[in-house]
Amino acid sequence: MKIQRIATGVAAALFLAPPASAQMQKVGDAPEASNMRLVGTSDLQARSAYQPTIHHQGDRWIAYVGHHGGTPDVPKPRNPLTGQEEFNGTSIVDVTDPAHPKYLAHVPGLEGHYEAGGAQMVRVCDGRTLAKADRNAVYMLRVFGGRAHEMWNVTDPARPTLITRIVEGLNDTHKSWWECDTGIAYLVSGVPGWRTRRMTQVYDLSDPAHPVKIREFGLPGQEPGSTGAVPTELHGPISTGPAGNRVYFAYGTNKGGILQIVDREKLLNGPKEPTPENLRYPEVGRLDMLPINGAHTTLPLLKMPIAEFAHEKQGQTRDIVMIVDEEILNECLEPRQMVWFADVTIETRPMVVSSYTASEASGNFCQRGGRFGAHSSNEFMPPMYDKKLVFVTFFNGGVRAIDVRDPYHPKEAGYFVPAITDKTDKRCTKVDGQERCKTAIQSNNVEVDDRGYIYVVDRANTGMHILELTGVARKAANFP
């Protein structure tokens, strides 16, 4: 679908951004960009943002944005729609006109600062795709801080209503996955008794009002009653549904990462008692990463045609999984977290074949403040991007467009580093026993919609930036 062009004097000035070699950001500076440009913004009420989900809802596009908790300085930002101070939760924004996003509602989450509060994760499904749901309804699955998973009715996105608490009393939660065609949900949970803060609870949510638990799942050594070393915790899964019959689990964030490939049918219908044997039963393949790198997102890029191999008798197409680490420490005080491409064509023997990182020297990012390194990729793959481009956030390095048409040689196709504002929060680290704080952009998560717009949300309270491609990046996606 052709992307709408925005041409205003203000927008045009923003597009003439300085190169990424600019040093420290300050309020009033323009964004830094190459082959990407700003279309519109929402300040998201200056709430620290984690996960955006963009849902085509009737004739509208709605952004559902999960938030971290507040800060000690501002634990409850003010909601101008209600005039009330509210704990961070879920923002709901109409982005039908991406140049003029309209804030519709804020649904408060759990009390708490940073990752202890808020409602980071959000997924949305239409009732018409779920077997036992109201066909006229739209449903939102979200976390309630680290304590619970909830189901909401967002048929009218300006007036969300709570349907049920799916499960509560948890130690932690994170980025779950919900299959809109089957209703199967893979909930990232911290179930008391398990030896890790995050593992998987599998639920049937095809009837959103009546959740049905299927099983609990994790790596051997994480289950209750086990002994010895405990494998690193789950970060999040991605399922290919019944057709692909695979679930790709990412464990670890910045160290001890694991890509686990699981047979979905065996996971759902195999023996469910969490014994070591039963936990191993659905596993098809596994890649143990370096101790210094993690696995935040494992995005399957399957049946990739490789032009270089077009004349080979075998192997013209390959199954690839893109593994994105997460940088944790500010100002480069840990090994670089990057993007890795694993060839999983032979699932029992996955092998890393290439990597990508944004260039630190291109913007002196280690000195800018906050985190610099990979964090998260888009997970929705509309036709214009499928097997062509992916988008990965790099915190103070903004969002990077990566050309993956040859996954053995991925290359940067563009970038966008948003401008800081007077709402951007500081990021601090200890230097010689003294706290040093700097204000820097912290692009956190990214998603795209089926029109091709790119949505980047900021961890440091700078809001949501809606982008479109230009130049060679736009040509790589076959846009007109």
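The lining of the second largest pocket divides into five nonpolar, seven polar and eight charged residues. Here nonpolar covers Ala, Val, Leu, Ile, Met, Phe, Trp, Tyr, Cys and Pro, charged covers Asp, Glu, Lys and Arg, and polar covers the others, Gly among them. The structure is a predicted model, in which local features need pLDDT of at least 70 and side-chain atom pairs count only at pLDDT 80 or more, while totals for chains, interfaces and linings use all residues. Residues are numbered from 1 along each chain as its sequence is written, and side-chain values use heavy atoms, with hydrogens and water left out.

The volume of this second largest pocket is about 410 Å³. A pocket, on a 1 Å grid over the protein atoms alone, is an open set of points with protein on both sides within 12 Å along at least five of seven lines; a cavity is a set of points where a 1.4 Å probe fits but cannot get out, and lining residues have an atom within 4 Å of a point. Grid points are joined across faces, edges and corners, and a volume is the space filled by probe spheres set on the points. Of the 20 residues lining the second largest pocket, Tyr114, Asp425, Lys426, Arg427 and Arg459 lie nearest its centre. Strand β28 (residues 426–431) gives the most to this lining, with three residues; strands (E, at least two residues) and helices (H or I, at least four) are DSSP runs numbered from the N terminus.

Turning to the largest pocket, its space comes to about 1,100 Å³. It has 37 lining residues, and those closest to its centre are Trp177, Trp178, Glu379, Phe380 and Met381. At least two lining residues come from each of β3, β9, β13, β17 (234–239), α2 (241–244), β21 (297–305) and β30. By class, the lining of the largest pocket holds 18 nonpolar, eight polar and eleven charged residues.

What does a search for enclosed space find? One cavity of 30 Å³ or more turns up in the whole structure. The largest cavity holds about 50 Å³ of space, and its lining consists of Gln51, Pro52, Lys175, Ser376, Ser377, Glu379, Asn445, Val446 and Glu447.

The disulfides come next. There are three in the structure, each defined as a pair of cysteine sulfur atoms within 2.5 Å. Counting bonded cysteines along the chain, the pattern is 1-2, 3-4, 5-6. The link of Cys125 and Cys180 is left-handed, with -85° about the S-S bond. Cys125 counts as buried at 0% relative accessibility, whereas Cys180 is partly exposed at 26%; buried means under 20% relative accessible area, exposed over 50%, and partly exposed in between (1.4 Å probe, protein chains only).

Another disulfide joins Cys332 to Cys366 (S to S 2.0 Å). Here too the pair links distant parts of the chain, 34 residues apart, with Cys332 in the loop between β22 (317–324) and β23 (339–343) and Cys366 in the loop between β24 (351–356) and β25 (389–393). The link of Cys332 and Cys366 is left-handed, at -90° about the S-S bond. Cys332 is partly exposed, at 22% relative accessible area, and Cys366 is buried, at 17%. Cys428 and Cys437 are also joined by a disulfide, with S to S 2.0 Å. The torsion about the S-S bond of Cys428 and Cys437 is about 105°, so this disulfide is right-handed. Both ends are partly exposed, Cys428 with a relative accessible area of 25% and Cys437 with 35%.

Strand β32 (residues 464–469) is mostly covered, with six of its six residues buried. Met464, Ile466 and Glu468 point one way from β32, and His465, Leu467 and Leu469 the other way. Strand β2 (residues 36–42) runs antiparallel to β32 and is joined to it by six bridges; two strands pair if DSSP finds at least two bridges between them. Strand β31 (residues 454–458) is also antiparallel to β32, with four bridges. Ile466 in β32 stands opposite Gly40 and opposite Tyr455. The hairpin of β31 and β32 has five residues between the strands, and Asn461 in this hairpin takes a positive phi near 75°.
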